[in-house]
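Here is a short report for a first look at this structure.

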Amino acid sequence: MLKAGDKAPDIESIDQDGNPIKLSDFKGKKIVLYFYPKDNTPGCTAESCNLRDNYEALQNQGYVVLGVSGDSAKSHKKFIDKHELPFPLIADEDKSVHEAFGTWGEKKMYGKTYMGTLRTTFIIDEDGVIEEVIEKVKTKDHTSQILK
C-alpha cells in the first residue's frame, strides 16, 4: 500500500456516467480519495453519506472528494441517485485502481479469508503527493478524521 510522501499514481478509469476520469484532472486541488467495498451496503453507505453531509466543509477546505469501489458505473449511478451524493464515484471493475494504491488485499470475516477492498482513504495534496493514509476508517464519522 502507498504511504504518506509517495506520489499518487495517475490512475484512469470511468465515473458513474461512463466518462473518463483520472487523478491528473484534479491537479492543483487537494483530493480525498476513498476506497470502499460495495455500493449500498451499511458501512459504505454510512461513510459516503457522512462525506455527503459534510461536503461543504470539505469543499471549504479545498478538497475534491472521489470514491472508488469495484462496482460498475451503473451501480455507482444508482448509489449516487439513491443517496444524493454530490461527488463522483470511480468504477474499478478490473481492480486496476485498487492495485495501483494497494487497496485490494486479503480480508477475514467469520473465520474465512478472501480478497476484497481494504477500506482506506488517501489525502492527496495539490501536487499529487499523498499527505495521509487513513486505514482505520470510522464510517459514521469519517469527515472528522479528514478535517482533524
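A residue counts as buried under 20% relative accessible area, as exposed over 50%, and as partly exposed in between (1.4 Å probe, protein chains only). This is a predicted model, in which local features need pLDDT of at least 70, side-chain atom pairs count only at pLDDT 80 or more, and totals for chains, interfaces and linings use all residues. Residues are numbered from 1 along each chain as its sequence is written, and side-chain values use heavy atoms, with hydrogens and water left out.

**Cysteines**

C49 is buried, at 12% relative accessibility. C44 is buried as well, with a relative accessible area of 1%. The structure holds 0 disulfides (pairs of cysteine sulfur atoms within 2.5 Å). C44 is in no disulfide, and the nearest cysteine sulfur, that of C49, is 11 Å away.

**Helix 3**

Helices (H or I, at least four residues) and strands (E, at least two) are DSSP runs, numbered from the N terminus. Helix 3 spans residues 73-83. Its buried residues are A73, H76, F79, I80 and H83. They sit on the same side of helix 3, because they cover an arc of only 120 degrees around the axis (the arc is that of the directions from the helix axis to the C-beta atoms). What do these buried residues pack against? Their partners are strand 1 (12-15), helix 1 (42-53), strand 4 (63-69) and strand 5 (89-91), where contact means heavy atoms within 4.5 Å. The face turned away from the buried side carries exposed K74, K78 and K82. Just after helix 3, E84 takes a positive phi of about 50 degrees.

**Pockets**

On a 1 Å grid over the protein atoms alone, a pocket is an open set of points with protein on both sides within 12 Å along at least five of seven lines; lining residues have an atom within 4 Å of a point. A volume is the space filled by probe spheres set on the points.

| Largest | about 180 Å³ | 5 nonpolar, 4 polar, 3 charged |

Of the 16 residues that line the second largest pocket, K7, L23, S24, K27 and G128 are the closest to its centre. The lining of the largest pocket includes P37, C44, K107 and R119. Strand 7 gives the largest share of that lining, 4 residues.

Technical notes. 1 Å grid on protein atoms, 1.4 Å probe; cavity = no way out; pocket = protein on both sides within 12 Å on 5 of 7 lines; lining within 4 Å. Nonpolar A, V, L, I, M, F, W, Y, C, P; charged D, E, K, R; others polar.
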